[in-house]
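Please work through the exercises below with the sequence and the model at hand. Each task is followed by a solution in steps.

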Amino acid sequence: MVLGLLLARGGVEVTVLEKHADFLRDFRGDTVHASTLTLMDELGLGPAFEQVPHQDVDKIEALLDGGAKATIADLSRLPGPNKRIAMVPQWDFLDLLADAGKLEPSFTLRMNTEVTGITKQGNRVTGVTYRDRVDGHEGEIAADLVVAADGRGSILRAAVDLPVYRFGAPMDVWWFRLPRNESDPVKGGAGRFSAGSGMVLIPRGEYFQCAFLIRKGTDRQLRAEGVEKFRERVVTLIPWLADRVHHIESIDDAKLLDVKLDRLRRWHVDGLLCIGDAAHAMSPVGGVGINLAVQDAVATARLLARPLRQGRVTSETLAKVRRRRLFPTMVIQTMQRVIHRLFLGRKLNSTETVSSTGMPFMLKAAQRLPFLQAVPAYVIAIGPRPEHAPEFARRKPQTIARS
């Protein structure tokens with residue numbers, strides 16, 4: 001959606017295909033990071049974004065034994081005007097981008113249109129095949145360039161069989177919701193790790209979006225233990241949730257995220273480019289997947305708008321996108337792999353708790369020297385090599401009529 005909007009503002013004819021009738025999905029990544037907020041300002045969409053229901057997070061904490069807390073990242077120490085992460089339902093954010101796109105004459109959004117494959121001429125991808133999910137009609141759309149932005153389970157990526165590095169992960173995640181009270185001790189994002197399990201709380205207005213970490217491959221075993229055992233695990237981790245765990249009515253309320261961490265060795269073939277999770281599936285650690293994908297889109301628009309207008313998109317041109325975005329992708333994935341191996345993997349296979357006296361060294365140092373809290377804040381909320389809107393896509397601040 002971001003790429004479609006930017007390219008349309010650059011005078012490129014764009015068609016975005018969405019297989020569903022709307023953007024309503026539960027437990028999608030809903031973090032809009034500081035660098036994305038800056039992008040919204042540059043695109044003139046800052047005022048419109050502020051009208052979207054959201055909650056700002058300016059601190060990420062670790063919950064310790066006995067109710068103590070330690071600050072992992074203090075976003076108020078970030079440079080620039082946006083010192084926060086905005087928690088916003090992804091469907092509202094996508095609706096905002098869609099409404100902004102509709103103002104551009106060369107932007108088309110087709111809902112209920114499921115991509116089923118690619119068309120080729122020789123070795124070049126020339127378009128996609130699709131199925132209308134309302135009437136079942138099947139057809140083809142020709143394109144000078146097909147962009148696979150269809151996630152880590154990308155149909156388009158699979159269709160061209162690009163080689164991939166797979167790094168593995170020690171955990172999967174159960175997503176679920178619990179009510180949130182204003183009196184709760186957690187105001188920003190917070191994580192708790194103790195005795196072989198872990199849980200992250202993300203404040204979302206009247207509820208917490210909860211991520212319960214489980215050892216990789218144990219989903220079926222844990223579900224067999226039933227909902228009461230799951231409630232016990234939640235309360236053992238965070239005792240002050242005891243008054244609301246009855247809202248977990250069934251073990252089916254926990255939705256599994258099969259965590260993957262991988263990266264394509266090459267992001268393109270002639271006529272097709274992968275970006276976002278289709279190019280590099282990210283761990284949920286840090287919640288940086290959306291931020292990285294949006295920055296991929298900005299870099300792609302800057303590099304490809306002119307060649308697309310001129311009809312001169314070559315494989316060499318497409319390779320520039322990977323060269324531009326490979327460094328930040330590798331940095332973030334390397335950090336996630338280190339956290340997987342040295343912290344999460346160990347904690348999920350141990351009986352040790354995380355107490356105020358047993359904190360990891362870097363977390364201890366950040367409590368004694370608070371300025372260090374700016375480092376993880378920058379990595380999470382801005383990231384290495386942040387991208388800025390190209391001049392052709394920038395607009396004065398404007399409100400957007402919501403459809």
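The exercises that follow concern a predicted model and treat a helix pair, then a strand pair.

**Exercise 1.** Determine how helix H2 and helix H8 are oriented towards each other.

*Solution.* Step 1: locate the helices; H2 spans residues 34-42 and H8 spans residues 289-310. Step 4: assign the hand; H2 and H8 cross in the left-handed sense.

**Exercise 2.** Identify the residues that make the contact between H2 and H8, and sort them by class.

*Solution.* Step 1: H2 contributes Ser 35, Thr 36 and Leu 39. Step 2: H8 contributes Asn 291, Val 294, Gln 295 and Val 298. Step 3: sorted by class, this contact comprises three nonpolar and four polar residues, with no charged residue.

**Exercise 3.** Is H2 mostly covered or exposed?

*Solution.* Step 1: apply the cut-off for burial, under 20% relative accessible area. Step 2: Ala 34, Ser 35, Thr 36, Leu 37, Leu 39, Met 40 and Glu 42 are buried. Step 3: with seven of its nine residues buried, H2 is mostly covered. Just beyond the helix, Gly 44 adopts a positive phi of about 80°.

**Exercise 4.** Describe how strands E4 and E5 pair.

*Solution.* Step 1: E4 (residues 59-63) and E5 (residues 69-74) are antiparallel, joined over five bridges. Step 2: Lys 59 is placed opposite Asp 74 of E5. Step 3: five residues separate the strands of this hairpin, and in the turn Gly 66 has a positive phi of about 75°.

Note on methods: Residues are numbered from 1 along each chain as its sequence is written. This is a predicted model: local features need pLDDT of at least 70, side-chain atom pairs count only at pLDDT 80 or more; totals for chains, interfaces and linings use all residues. Side-chain values use heavy atoms; hydrogens and water are left out. Axes are lines fitted to C-alpha atoms, for helices over the stretch in contact, and angles run from 0 to 180 degrees between N-to-C directions. Helices (H or I, at least four residues) and strands (E, at least two) are DSSP runs, numbered from the N terminus. Angles under 35 degrees count as roughly parallel, over 145 as roughly antiparallel, 65 to 115 as roughly perpendicular and the rest as oblique. A crossing is left-handed if the near helix is turned anticlockwise from the far one by less than a right angle, and right-handed if clockwise. Contact means heavy atoms within 4.5 Å. Ala, Val, Leu, Ile, Met, Phe, Trp, Tyr, Cys and Pro count as nonpolar, Asp, Glu, Lys and Arg as charged, and the others, Gly among them, as polar. Buried means under 20% relative accessible area, exposed over 50%, partly exposed in between (1.4 Å probe, protein chains only). Two strands pair if DSSP finds at least two bridges between them.
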